[in-house]
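The sequence and the structure are shown first.

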Amino acid sequence: MGSLVRSATLRALRNGGPSFSGIAIRRSSLSVGAFSATMSPPSKAVVYEQQGPPDVVTRVIELPPVEVKENDVCVRMLAAPINPSDINRIEGVYPVKPETPAIGGYEGVGEVYSVGSAVKGLSPGDLVIPSPPSFGTWQTYIVKDQSVWYKINKDSPMEYAATITVNPLTALRMLEDFINLNSGDAIVQNGATSIVGQCVIQIAKDRGVHSVNIIRDRPGSGEAKEKLKKLGADEVFTESQLEVKNVKGFLANIPEPALGFNCVGGNAASLVLKFLRQGGTMVTYGGMSKKPITISTSSFIFKDLSLRGFWLQKWLREDKAKECRRMIDYLLDLAREGKLRYEMELVPFDSFRTALDKALGKQGSQPKQVIRF
């Protein structure tokens, strides 16, 4: 019955019917005793009824209880990040977006609140994440089939558990999927201060792989260099430092990289290509500069370079659930051991608007914003 109420609410919004707030008012008049063990608690959620600027189209509303069916698990969410891809989905510019009205968020971590009568292997109190990631994590309670939820080690740091399945997993897959890297090999990347970039540095270091890192010229670049070196970066250069004919003169005792990662495009991508050895591969997973990649004819003819692309969501569609979960365990082990870390800011759900403004860049460069419910 509860799931029908919530579905009807969503349909009403699509059809111009009663607002979420109106439903919330009617729901609030029910007594607590009216909720049975098969119903979730009411939930607060960040919703958007149409694509557009996230700070304009999103709002926090209350949703009524949902029925917990026999194969369902009700999870009380603990934390969920605001990723660039979350913002792009709300804006309507991401290749895959949920039907509106929708609840924001794509990854996160929660605690099992209750389970349906047929659920096996999950119990109240277990720490779980949606794996593969699932739409709608920006809400206080979620009810979904048990197959969506993956139980993780209870000792996992909450903020890392909430953010492990997008950026760190992207870094790991790119290091493993394109060439065989051995200890002593090297990689080169731009956008090294990004979360993916930081994860690449640390996972590579743990495997004995050197990293050459390129960052933007900006105030504080010296401090950024030191932070990356503390994470394990072998070399860090600003783009302007590499405006020379022979960038490989900067490598010293590091071998020529066989693999490069590009998330910027434009000149920053060209710099990655300059470092690559004969037969090297550059993998593009983003385009922050919104500028195209240009490559010289000689790089194809004489260096035989390969250009590839990577999109985590496509990889997750290819029946990778079991493999994905094994990798999540590996990454969370690294986080618990202190071998994988990146800067985040935990923000109370009541301050969602502030966190969103920071994620949108309205307050300058900020750590990844993670909503704490």
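Phe237 is buried at 5% relative accessibility, where buried means under 20% relative accessible area, exposed over 50% and partly exposed in between, with a 1.4 Å probe and protein chains only. The model is predicted: local features need pLDDT of at least 70, side-chain atom pairs count only at pLDDT 80 or more, and totals for chains, interfaces and linings use all residues. Residues are numbered from 1 along each chain as its sequence is written, and side-chain values use heavy atoms, with hydrogens and water left out.

**Aromatic pairs**

Rings of Phe, Tyr and Trp (its six-membered ring) pair if their centres lie within 6.5 Å; planes under 30 degrees apart count as stacked, over 60 as edge-to-face and the rest as tilted. The count by this rule is nine aromatic pairs. Two of them are tabulated below.

| Pair | Centre to centre | Angle between planes | Class |
|---|---|---|---|
| Tyr106 and Phe135 | 5.4 Å | 45° | tilted |
| Phe237 and Phe275 | 6.3 Å | 15° | stacked |

Tyr106 lies in the loop between strand 4 (102–103) and strand 5 (109–115), and Phe135 in the loop between strand 6 (127–130) and strand 7 (141–145), so that the pair links parts of the chain 29 residues apart; strands (E, at least two residues) and helices (H or I, at least four) are DSSP runs numbered from the N terminus. Tyr106 is buried, at 9% relative accessible area, whereas Phe135 is partly exposed at 30%. Arg89 lies over the face of Tyr106, 4.1 Å from the ring centre; the criterion is NZ of Lys or CZ of Arg within 6 Å of the ring centre and within 35 degrees of the ring normal.

Phe275 is buried, with a relative accessible area of 0%. Ring pairs link Phe237, Phe275 and Phe250 into a cluster.

**Nonpolar cores**

A nonpolar core is a set of buried Ala, Val, Leu, Ile, Met, Phe, Trp, Tyr and Cys residues joined through side-chain atoms within 4.5 Å. The largest has 50 residues, of which Val109, Ile203 and Phe261 touch the most other members. Helix 12 gives the most to this core, with seven residues. Apart from this core lies another of 17 residues, with Phe275 and Leu273 among them.
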